[in-house]
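These are my notebook entries on a structure that is new to me. I set down what I looked up, one topic at a time.

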Amino acid sequence: LQETLMTIVTLDIHKFPCLNDNYGYLVHEAWSGQTAAIDTPDAEKYLAEADRMGWTISHILNTHWHPDHAGGNLRIKEHTGCTIYGPAGEAGKIPGIDVALSEGDTVELGRATAQILDVPGHTIGHIAYHFPEQATAFVGDAVFALGCGRVFEGTMDMMWNSLSKLKSLPPETLLYCAHEYTQANARFAVTVDPDNAALTDYARWIDERRAEGLPTVPTRLDKELATNPFLRADDPALQAAMGHAGDAVATFAEIRTRKDRF
Ligand code: ZN
Ligand code: FE
């Protein structure tokens, strides 16, 4: 007689708007009581929301150094004594960092484990936190619903490689992006991929959601694979339409440049 003990570890994810268009996320692992702040756009808002949930922030998990992601670090640490995790590639710019992370590292949040992915391009050290058992990834400004981060510090080639890495996660993975940019992204996406029926359906759904003031994030990777032009730069039809048949990096660069000017 063989007995199998299965432990299903769930994460409670509390989402709330911050600043103009950021999302704040608090991730709670009930067995341990530990709670991670995913980035820190607004310290007071994070502390108030944690209070409201009856949670105490034990971890800050930074995706990159931009102030709308790490600006609240010191205030939250001062208030809670939490441990700050962030990208090794830009550790010098992460206020209060305790643990520097890069590809292949893991972070324990109670019984849950995040695996670190290096996804540079938007910034040079940008990381994502993937919780494979919960099919959940916190992707910061690397990828958005129907979009991706602007390529500020890295190269187009680097950003395409980062997006390719995210594309290879299990398709049911929920992507928790850092911004609600979806409606503007949709308006652009339909201009580069006008015959994509899945995209036009998605764009209609986005308009309905936003008209009711509802969020469009998180999104699911399989939906993005079918519709997000930045993830589809390896699609032959889109490559041909962009004038770069057979070249995913050039196609990605073309789409990114058009979006920057849109
Ligand atoms: Zn950013
Ligand atoms: Fe941001």
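I looked up Leu-146 and found it buried, with a relative accessible area of 0%. Its place is in the loop between β11 (143-144) and β12, and its phi is near 60°, a positive value in a residue other than glycine. I noted this because most residues other than glycine have a negative phi. I also keep in mind that this is a predicted model.

I then turned to Leu-19, which has a positive phi of about 50° although it is not a glycine, and which sits in the loop between β1 (11-18) and β2 (22-29). Leu-19 counts as partly exposed, at 49% relative accessibility.

For the backbone I also checked Pro-218, where the peptide bond from Val-217 is cis, with omega near 5°; Pro-218 lies in the loop between α6 (197-211) and β14 (219-220).

Next I looked up helix α9 (residues 248-261), which has 14 residues and reaches 20 Å from its first C-alpha to its last. At its N-terminal end I found Asp-247 as a cap, with a side-chain oxygen 3.2 Å from the backbone nitrogen of Val-249. Among the buried residues of α9 are Phe-252, Ile-255, Arg-256 and Lys-259, and what covers the buried residues of α9 includes α4 (156-167) and α5 (182-192).

Last, I went to the largest nonpolar core, which has 49 residues, and noted that Val-107 and Phe-252 are among those with the most contacts inside it. A second, separate core of 15 residues includes Phe-16, Ala-37, Ile-84 and Ile-94.

Notes:
Residues numbered from 1 in each chain as written. Chains lettered and ligands numbered in written order. Predicted model: local features only at pLDDT ≥ 70, side-chain atom pairs only at ≥ 80, totals over all residues. Heavy atoms only, no water. Core = buried A, V, L, I, M, F, W, Y, C linked by side-chain atoms within 4.5 Å. Buried < 20%, exposed > 50% of the residue type's maximum accessible area, 1.4 Å probe, protein only. Helix = DSSP H or I, 4+ residues; strand = E, 2+ residues; numbered from the N terminus. Expected span 1.5 Å × (residues − 1). Contact = heavy atoms within 4.5 Å. Polar contact = N/O pair within 3.5 Å; in protein donor to acceptor, adjacent residues only side chain to side chain.
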